[in-house]
Amino acid sequence: MDSGAVEPASTGAIWSTPSVEPRSISIGKQIFCNRSLNMRNITAVGFDMDYTLAQYKPETFEALAYHGTIEKLVKDLNYPEELLTWQFDWKYMVRGLVLDKKRGNILKMDRHKYVKVAYHGFREMSKEEKVAAYGSTLIRDSFDEPDYALIDTLFSLGEAYLFAQLVDFMDSNPAKVPSGTDYAHMYRDVRSAVDLCHRDGTLKRMVAKEPSRYINEDLAIVPMLQMLRKSGRSTFLVTNSLWDYTDVVMNYLCGPYMSDVSSSHNHKWLEYFDVVITGSSKPSFFHDDNRTGLFEVEPDSGKLLNADLQIGSPRSSQHQPKPIHKVYQGGNVGHLHRLLSVASSSQILYVGDHIYGDILRSKKVLDKNTHANLRACLINSSNYTAPSNES
Ligand SMILES: Nc1nc2c(ncn2[C@@H]2O[C@H](COP(=O)(O)O)[C@@H](O)[C@H]2O)c(=O)[nH]1
Ligand SMILES: [Mg+2]
């Protein structure tokens, strides 16, 4: 326990709002929840990697994505070179905002989808403009794709900022953007350039070269995993990142606890997990009709071997030989159950940062035997936009 923590005066105190000074635990270490969870029922605890275990430094990582995106816009999509001088304010955008692609607006809504605040580029819209575009409290749009984009991951902050900059730029310099470009077109260009930065190595190559520049060191991760394992629970990782990158990031995060981190073939961090699934394609990983094949990954070579043969359904955990490796690629939540030998989703707790990819989808997975949902919880929610006061 945190040495600075003050014990509650009585057991009853946990049900009430503290009336005196809050405990002297730093805000970053406090835990908030919106429902109860009986940990006694949980036999396996899993984690997402990017922005969950790996806390990227937005001032370097998101800036890298921002500048990489601009470079692609200029070099591949004919945007003017002056964009290369633009700067990124990583503190400006927050998750929870919605981009109106057609109108070039950034919206903050309350939980009833009422637009509380709207900006056109970086200019706040007047109440009259807002009502003209989005109606009154009685008429609501669905604010969903394809006309809107949700800023629901920390990866999207740079792209939202760049979209707002481009909206202002196009309004004052219509002749400077490629002909035929409108706001929605600009959003599409930004999106595809960001996507390419994630896929072509622009970001991952730089992080692999110098992880400490882009990822916060977190000395609490290994003790936490050790504590969970010591309690008899299985631990697992399910990430959309592929094996080579996952290995780099996890080596860095667990590095201070490992002896020979310098060796590129040191996969010692794997000892903290029972199962590692990379390239998981969440959210579809959690869809019950997902039939994606599962591959075993050979950690040293990265070679993929078909794994469905070894863990084909139905699996009886007692009679099947244990798979040789514990690193996989692809598959679905059914594979995860069999690999962990859990009978019911309700025994699994999954911790992620992405409200749609990691949380909502996984909560909807209905276990066919028990009709219980996989438990999922969100970390890092502090920098979501809080729903406005419903006044
Ligand atoms: N191709 C794209 N990949 C993206 C994008 N935004 C993020 N990412 C990648 O997804 C994983 C997230 O991993 P997880 O551990 O949180 O499941 C990571 O590799 C990112 O680089 C995108 O817009 N396009
Ligand atoms: Mg993540």
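The second largest pocket of this predicted model has a volume of about 1,100 Å³. A pocket is here an open set of points, on a 1 Å grid over the protein atoms alone, with protein on both sides within 12 Å along at least five of seven lines; grid points are joined across faces, edges and corners, and a volume is the space filled by probe spheres set on the points. The lining comprises 38 residues, with Thr 153, Phe 155, Asp 195, His 198 and Asn 240 nearest the centre of the pocket; a lining residue has an atom within 4 Å of a point. At least two lining residues come from each of strand 6 (148–150), helix 4 (183–199), helix 5, helix 8 (243–254) and helix 10 (355–364), and helix 4 contributes the most, six residues. Helices (H or I, at least four residues) and strands (E, at least two) are DSSP runs numbered from the N terminus. By class, the pocket lining holds 15 nonpolar, nine polar and 14 charged residues (Ala, Val, Leu, Ile, Met, Phe, Trp, Tyr, Cys and Pro count as nonpolar, Asp, Glu, Lys and Arg as charged, and the others, Gly among them, as polar).

Two cavities of 30 Å³ or more were counted, a cavity being a set of points where a 1.4 Å probe fits but cannot get out. The second largest cavity contains about 40 Å³ of space. Its lining consists of Glu 62, Ala 65, Tyr 66, Thr 69, Phe 155, Gly 158, Glu 159, Leu 162 and Val 194. Helix 1 and helix 3 (157–172) are the elements that give two or more residues to this lining, and helix 1 has the largest share, four residues. Five of the residues lining the second largest cavity are nonpolar, two polar and two charged.

Helix 1 (residues 61–77) also packs against helix 5 (residues 202–209), at an angle of about 140° and with the axes 10 Å apart. Axes are lines fitted to C-alpha atoms, for helices over the stretch in contact, and angles run from 0 to 180 degrees between N-to-C directions. The two helices are therefore oblique to each other (angles under 35 degrees count as roughly parallel, over 145 as roughly antiparallel, 65 to 115 as roughly perpendicular and the rest as oblique). On the helix 1 side, Phe 61, Leu 64, Ala 65, Gly 68 and Lys 72 meet Thr 202, Leu 203, Met 206 and Val 207 of helix 5, contact meaning heavy atoms within 4.5 Å. Six of these contact residues are nonpolar, two polar and one charged.

Residues are numbered from 1 along each chain as its sequence is written, and chains are lettered from A and ligands numbered from 1 in the order in which they are written. Local features need pLDDT of at least 70 and side-chain atom pairs count only at pLDDT 80 or more, whereas totals for chains, interfaces and linings use all residues; side-chain values use heavy atoms, with hydrogens and water left out.
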